[in-house]
Each structure stands twice: as structure tokens, then as C-alpha cells.
Amino acid sequence: MSRPVIEVESLSKRYRLGQFNARTLREEVDQFIARLRNKQAGKVGELSGASSEFWALKDVSFSVQPGEVIGIIGRNGAGKSTLLKILSRITEPTTGQARVRGRIASLLEVGTGFHPELSGRENIYLNGTVLGMRFAEVKAKFDEIVAFAEVERFLDTPVKRYSSGMYVRLAFAVAAHLEPEILVLDEVLAVGDAEFQKKCLGKMGDVAQGGRTVLFVSHNMQAVASLCDRAILIESGRIVASGPSAVVIDDYLRDADEAARERVWNDPADAPGNERIRIRRVSLTSEGTDSRRNLTTDIPISIDIEYWILEHCARMAVNVVISKADGSEVLEDWSVAEETWRERDFAPGLYRTICTIPPNLLNRGSFKVSVIFIDTLLVKEIYKSDRFYHFTIVGVEERDVYWHGNFLGPIHTPLRWKTTLVDGKPPPFLQPQIIANQ
Amino acid sequence: MNQIPTDYELVIRPTRGWLTLNLAEVWHYRDLLLLLVHRDFVAKYKQTILGPAWFVLQPLLMTVVFSVIFGEIAKIPTDGLPPILFYLAGLLGWNYFAQTFQNTSGTFLSNVGLFGKVYFPRLVVPLSVVISNFFAFALQLATLLVIWIYFKLFTDAGGLFGFSTGIVWLPLVLLQIAALSLGVGLWLSALTAKYRDFSFLSGFIIQIWMYATPVIYPLSQIPEKWRWIAVLNPMTMPIEAIKIMFLGQGTVVGAYVLFSISITVLSLLSGVLVFNKIEKTFVDSI
């Protein structure tokens, strides 16, 4: 392999919480006096103690080959942004170093340097040069940028009159047409509508295919999975996993999901509910498998609910609503569907209801479940849980046929398909004389 | 397909020491510098009725106020020159200095959003301020000339003043003022980035500084014995020089000029170094 374009060697970044961030001179003077006093007393002041230090990055090393597209994933506050800030030279590392070979451009925010009073045209030039382009380079790309952003008609309008969609489109368009050897992107796709995000991902795909190196921080696992060859998982400032993106994402989701996929309340007094019903446990698992396993599209998923009934109830049904992470409902069902339901009478006690979502029904993506208990005799809610239980379904294939990584819609159930040969002969051609006759 | 220039390698590591200024990089960003000048100019006067006329009106109004307070009420002498012209000539250099100083001293604080998200040599921003303030200077210069001609042709005071051949030095004096205001402004911007207290101080500093500079009084009014104190102020010589150039009256001494230039060079160099040092980690202390 050729020489890496980025070589990061034991990069660390320390923030001092107490001392360094002193904002006013007075605080600094106070601290100085405090330090002097402490020295006299032979003590080390609390302010200079280790407790006020915070390592946002600790001993991070990795290298990137030319043309690689690397995803950087991790929870909020894990240190991803600090890493990007150091590579973009916005701040300096405390120790360690990084070697970057080639022109690097970073996009940590969409529309950096935009001035609301300037027109779209002026902002394209300003933004382009802020990002490191020369005026002539922006000029050469100008028409392409305008076409991508679809703002031709508003080029001479101040951007403060733009809709937020137009603003974001224009800003991304400028950045997307930068031609650096290395592109660093931080969560820029979190803005804009789905249509636009798709367009941006497409543009990024082109960039990657053009052989340029991309470093991409995102919480959109599907985007990372489909765009990146390799992913790096950062946790508390350290690299905890690095490798093929499908594997690293799997690791990450398992860890992130594990905590959220089972909620238990052992003490009925704290448990969600009311005087008639209390929830003891809700868990989302794949039936009969290890609870740590990722939920995939091809396995049945169980919504397993344990609850105390505190007051006798003649007719009771558990109702679940499955929604997308954005809140749009996907499906709802209740336990009335259970065959033995009609003969039931619910005396006080601990009950367990398992609702199973058949395999190959939900599409991959993030979902949430809410639980409602209904008195079916009075047709009234007994208790509606105000919290949601989240789960994420990942694909089984490593990479979808659509590079965007998903079939549309919340549901993906295999439809029946049949293709047959109707006639082995080639289609009859229209005869030239017939056309002439007409 | 993928061309990585082997000659370009950037090493990101903690900087030690002070002499890390990369002027070639500033040069690479010269287009940005010009666009920032354009932005300042457009943004400042959008949604004002008078627009760039403010460049002319603001010093005129100040001159009127000075004429009333210092000329009529306090009766501070003006080297025998018509007060309006005296103040206007003094303000020509001073306003450029004060504007540039105040704009550059806020560099870090007013660009937090930009500096926190994208890298470019931060020095580009104060440099763009120095250039965009040239426009205000030029308009003010034109105003001075118009009023100068009026006084020359239509008033009895016409014989009291006149251009001096020293006017050929005007570009150099302007350069010195630019360098000094940039140097001091950079110092203050670096201090403000660390201690917010200085953002309150900058307005105060510039007010006091004006009274310490012969803007509203001539240097000749200060007794010979104490003059050396006034000359410690590096702005004294440029302001006096401008008055000589346009009005033929003022006190300029070679030794004082040399001293003032040395202070200017010193403050510019140290200002750039301090600024350069602070810019590296400034985003961490926001």
C-alpha cells in the first residue's frame, strides 16, 4: 500500500476545567493568590489538582490510506469532534502528533462564514475562500454550485431572506464542490430534509469514488455503513474498535442498545404506572436468543412486558404502538388478538405478556414502542406509559443493493414475485410499409 | 487517479515557542482577505439610509462638537489655525487609528463562531480590518480637502495655513498608523481572548489615549520641559505630522519620529507573535 495520507500518533487532548478556562482577570488573580497561599501552607490547591483535568482524547493512533472513506462513530462526548477539530487545525493537541499529506478541508458545520446581509452570490465566494479555495477556483465551480443548490433565481437576494432549506442547500453545495484531497465532515447531514440528505450522500459517494479520502463523523449508522469502508469507534477519548464498518457498527449498536433494550423496575413504588397497574419490566429481544444479539430484519422480535395488576380487572388488554424514531406510527395491535383472551379475568398479580413481531416485517431502522393498558369492558385507558422503549433493527446483508442503505418505508416484507417467459420469440417489429400506409 | 502531492506534508503537533508565524499561508488566503473587506463594507451600511455617507458625517459631527467644547468653551488654542480644520486634520489620523484598534481588538470574540468551525490563518481577519478602514480614511481625507478649499477661498483665514511639501510622506505616516493600531489591536485581542475584562477596557483605553495625543490641542502648547512625556506616546508624531502636511503648523522632531517608529515596529512584531500564540488554543477557552 502507498503512504498513508493521515497518520495519527498517540494524539491526546487535555482540557483544564478549573484553571485554564478562567474567564476574567479577577478569577486568575484569585487563583494566583490561592496558589501562593497554598504553597506557603505546603499544600497543593484543589484547583491545580487532577480532578480539574479532562482528557477529551487519550493516546489515539490510526492511519488512513489514500482513497479510504473512514467513519468515526461513538456516543456524544466520546471525543469525535475533538479529533476532527485537531485534524482541522482549529485547536492543537496537547501531546502526540498527526501527519497530513495533501490538502485538507473540513466541514464541521454547514454555512460557516455565511453573512446574512450578503447575497447568495457573494456568500458563495466568501464561504468558498473561508474553506480554503482561491477566488478563481470558486469561480470555475460557480455554476455547478448554483445548480446543485437550486438557487439560481435568488442569487442576488441576501441570504437572510432565504428559507432554511435554501440556506442549507447553498452551504452544502459550496463545501461539496471543494476539491481537497482529504475531506473531513462532521454530522453535516443532520440538517435538511430527507430528499436533500439523499442528494448529499450521493455527492459524498461521488467524492469518495473520485479517489479522495473522507473522514466522516455521523450518528447515521446507515450512512456510515454504506459510505465507509472502515470505521473507528471512539469511547471516552480512546479508540475501542477499528475495522470494517459493518463489524464496528455492530459492536457499537450492541453496546448502545443493550442498556436501552431492557428496563426493569424491581420496586413497584418507583415503577411507571398508577394505582391499578404498574410496569415491572419491558424488554425487546429476539425470541429465544441471547439478549445481547442485535435485532435484525430476519428474526422475530419480542416485546416482553411484565406488570403488576393491583386491582381486579374483568377485561384487560395490552396495546402496543410501534413508531419510527421520528414519531410516525407504523403499526398498533392489542392482546385481544390472543386466542384465550375472552376467557380471561385478571385478578391482582404479576403478569407477563409477550408480543412477537414476525420476522421480515419491519424495515431496518430505529423504532420505539409505547405501551397502553386498556379496560376493554369500559373501553377506557387504564394506564398509558408516557415513556418509549427504543430499539434498532439492523440489516442482515452487509451492504444493501441501494448504496443509500435502505428500502423506503418503515415496513419491509418480502412480497411475492414471479417472472415468467411468456413468449420465446423476439418482439414483432413494426413493418416499414405499414407505417408508410398510415 | 489519486494524486497526493508528496511535497506537501502538514504536521499537527503542539507548538512550543513563539516564532511559528507562517506568512506564506496568510498569502494563500489573500482572496479571503479581500472578500472580508468587501463583507465589512457591505454589511456595515446595509439597512442604513445614509450608507457610506456616515464615513463623512461622523468626523464632521465630531469636529463640530470639538469646536464648541474645546474651541469655544475651553478655548484651547489651535496653533492659530481655523479650529474646524485643526480638529478635522487631527481626527483624520486619529479616527483611522481608533477604528482599526477597536475593530481588531475584538477579533477573537466577534469571530468565535467562525474560528471554532474552520481553520484559516486568523491574522487574515485583523488585516482585512486594516484595509477596510482605509476606505473610511480616504473619504475622510476627501472631506478634509473640500473644507480646506472652502476655507482657503472663501474665508479670511485663507492665509493662515497651507500644504507643506512634507505631504509626500503621507502614505508612510498612514502606514505607521496602520502598523501601530494593528500591533496594539492584536495585543488587546489576545488579552481579551484570555481575559474578558479587556473588552471593557478597550473603549476606555482609546478615549484616554485620544486626550494623551495632540488631536484637540497642538503639541506646541505643552511646555518644552514636559514634551518628552507626550512624545512617549507613539501616536503623537504621526498626528502632528499630518497637521504639518495639510496645514503647515505642527511640531515634528527627527529623534521623536525615530522613537515613535521603533515603538510601532516593536508593538507590531510582538502583537503578531502574541496573537499567533493565542490563536492556536483560543477555542479551548471559550
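I take pLDDT as the predictor's confidence in each residue, from 0 to 100. I also take helices (H or I, at least four residues) and strands (E, at least two) as DSSP runs, numbered from the N terminus.

**Source notes.** I am working with a predicted model, in which local features need pLDDT of at least 70 and side-chain atom pairs count only at pLDDT 80 or more, while totals for chains, interfaces and linings use all residues. I number residues from 1 along each chain as its sequence is written, with chains lettered from A and ligands numbered from 1 in the order in which they are written.

**Confidence.** I looked up the scores for the complex and found an ipTM of 0.84 and a pTM of 0.72. For chain B I noted a mean pLDDT of 87, with 95% of its residues at 70 or more. Within chain B, confidence is lowest in strand E1 (residues 9-12), at a mean of 82, and highest in helix H8 (residues 170-194), at 94. Residues 1-6 of chain B have a pLDDT below 50. Beyond near neighbours in sequence, that stretch has 11 contacts in the model, a contact being two residues whose C-beta atoms, placed from the backbone, lie within 7 Å.

**Chain B overall.** The C-alpha trace of chain B spans about 75 × 45 × 35 Å along its principal axes. Of the 286 residues in chain B, 42% are buried. I call a residue buried if 20 or more other C-beta atoms lie within 10 Å of its own, exposed if 12 or fewer, and partly exposed in between, with C-beta atoms placed from the backbone. Among the contacts in chain B with a separation of 6 or more, 81% join residues 24 or more positions apart.

**Helix H3(B).** I checked H3 (residues 53-73) of chain B, which has 21 residues and reaches 29 Å from its first C-alpha to its last. That is close to the 30 Å expected at 1.5 Å a residue, the expected span being 1.5 Å times one less than the number of residues. H3(B) has a kink of about 30°, centred on Ser67(B); the bend at a residue is the angle between axes fitted to the seven residues ending there and the seven starting there. Phe55(B), Pro59(B), Thr63(B), Phe66(B) and Gly71(B) are buried in H3(B). H4 and helix H7 (124-154) of chain B are among what covers them. Just after H3(B), Lys75(B) takes a positive phi of about 50°.

**Helix H8(B).** I found 25 residues in H8(B), reaching 36 Å from first C-alpha to last, close to the 36 Å expected. Because 18 of the 25 are buried, H8(B) is largely enclosed by the rest of the structure.

**Core.** I looked for nonpolar cores, meaning sets of buried Ala, Val, Leu, Ile, Met, Phe, Trp, Tyr and Cys residues joined through C-beta atoms within 7 Å. The largest has 142 residues, and Phe216(A) and Val224(A) have the most contacts inside it. Helix H4 (residues 83-105) of chain B gives the most to this core, with 13 residues.

**Contact between the chains.** I counted 33 residues from chain B and 45 residues from chain A in the contact. H2(B) provides the largest share of the side of chain B that touches chain A, six residues.
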